[in-house]
Amino acid sequence: MPAWLTPEFTQHLNNKIRELLQQMERGLKSADPRDCTSYTGWAGIALLYLHLFDVYGDPSYLQMSQEYVKKSLGCLTKRSITFLCGDAGPLAVAAVVYHKLRSDKQAEDCIARLLHLSKVDPRAPDELLYGRMGYLYALLFVNKHFGEEKIPQSHVQQVCEAVLASGESLAKRRNFTAKSPLMYEWYQEYYVGAAHGLAGIYYYLMQ
């Protein structure tokens, strides 16, 4: 434990976390009931409580996570396939929550649905927020939290190969190959950042 993290300061942090959670819960009474996403919706709240359970080991946090996961699964987008803005996030978080609750059948069902998402939008872009990299993140999230290869390596490889092929194709078509062997665009523009651009795509390909 760091020297500056005294028992008094730790208690202050814990009190502040409880206070902020109460404030959040009050605010959620007027939240959009149809927002399933990890980015702005129920799956994001479930992810927060899942993290708190991992940190504190308090089963009440896992129960709260399960409650929000149920809300999230009840209003999936049926469009986007990503972790942050689509159905992959709620399904991945739910799989981990049910795994920790030892509800193996429900966890396996979520994983099966997550694997099926690759067929939902074959024309998905490649970036992180709405595209294939966001789907890849969900797959890696599941394997990390299960501590085993619940998502087959062949499925992960298939996503990566599609992104590589897309990047190579665009680089050739736009004569970028001298500067970069891979190039990606979002709404006909080139981005370099994490959400829509090269940084996010390259980073998760390297995972």
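Trainee: Where is Ser 80 found?

Mentor: This is a predicted model: local features need pLDDT of at least 70, side-chain atom pairs count only at pLDDT 80 or more, and totals for chains, interfaces and linings use all residues. Numbering runs from 1 along each chain as its sequence is written, and side-chain values use heavy atoms, leaving out hydrogens and water. Helices (H or I, at least four residues) and strands (E, at least two) are DSSP runs, numbered from the N terminus. Ser 80 is found in the loop between H3 and H4.

Trainee: Is Ser 80 buried or exposed?

Mentor: Contact means heavy atoms within 4.5 Å. Leaving out residues up to four places away in sequence, Ser 80 touches Cys 85, Gly 86, Asp 87 and Tyr 130. Buried means under 20% relative accessible area, exposed over 50%, partly exposed in between (1.4 Å probe, protein chains only). The relative accessible area of Ser 80 is 14%, so this serine is buried.

Trainee: How many aromatic pairs does the structure hold?

Mentor: Rings of Phe, Tyr and Trp (its six-membered ring) pair if their centres lie within 6.5 Å; planes under 30 degrees apart are stacked, over 60 edge-to-face, the rest tilted. The structure's count of aromatic pairs is 12.

Trainee: What is the centre to centre value for Tyr 49 and Tyr 68?

Mentor: The two rings are stacked, with 0° between the planes. They link distant parts of the chain: Tyr 49 is in H2 (residues 42-56) and Tyr 68 in H3 (residues 59-73), 19 residues apart. Tyr 49 is buried at 4% relative accessibility, and Tyr 68 is buried at 7%. Centre to centre, the value is 6.0 Å.

Trainee: Which residue has its charged end over the ring of Trp 42?

Mentor: Trp 42 belongs to one aromatic cluster with Tyr 49, Tyr 56, Tyr 61 and Tyr 68. A charge sits over a ring if NZ of Lys or CZ of Arg is within 6 Å of the ring centre and within 35 degrees of the ring normal. Here the charged end is 4.8 Å from the ring centre, and the residue is Lys 71.

Trainee: At what angle do H2 and H4 pack?

Mentor: Axes are lines fitted to C-alpha atoms, for helices over the stretch in contact, and angles run from 0 to 180 degrees between N-to-C directions. Residues in H2, including Leu 47, Leu 50 and Phe 53, meet residues in H4, among them Val 93 and Val 97. The axes are 10 Å apart, and the angle is about 35°.

Trainee: And at what angle do H3 and H4 pack?

Mentor: Among the H3 residues in this contact are Leu 62 and Val 69; H4 brings Leu 91 and Tyr 98, among others. The axes lie 10 Å apart, and the angle is about 145°.
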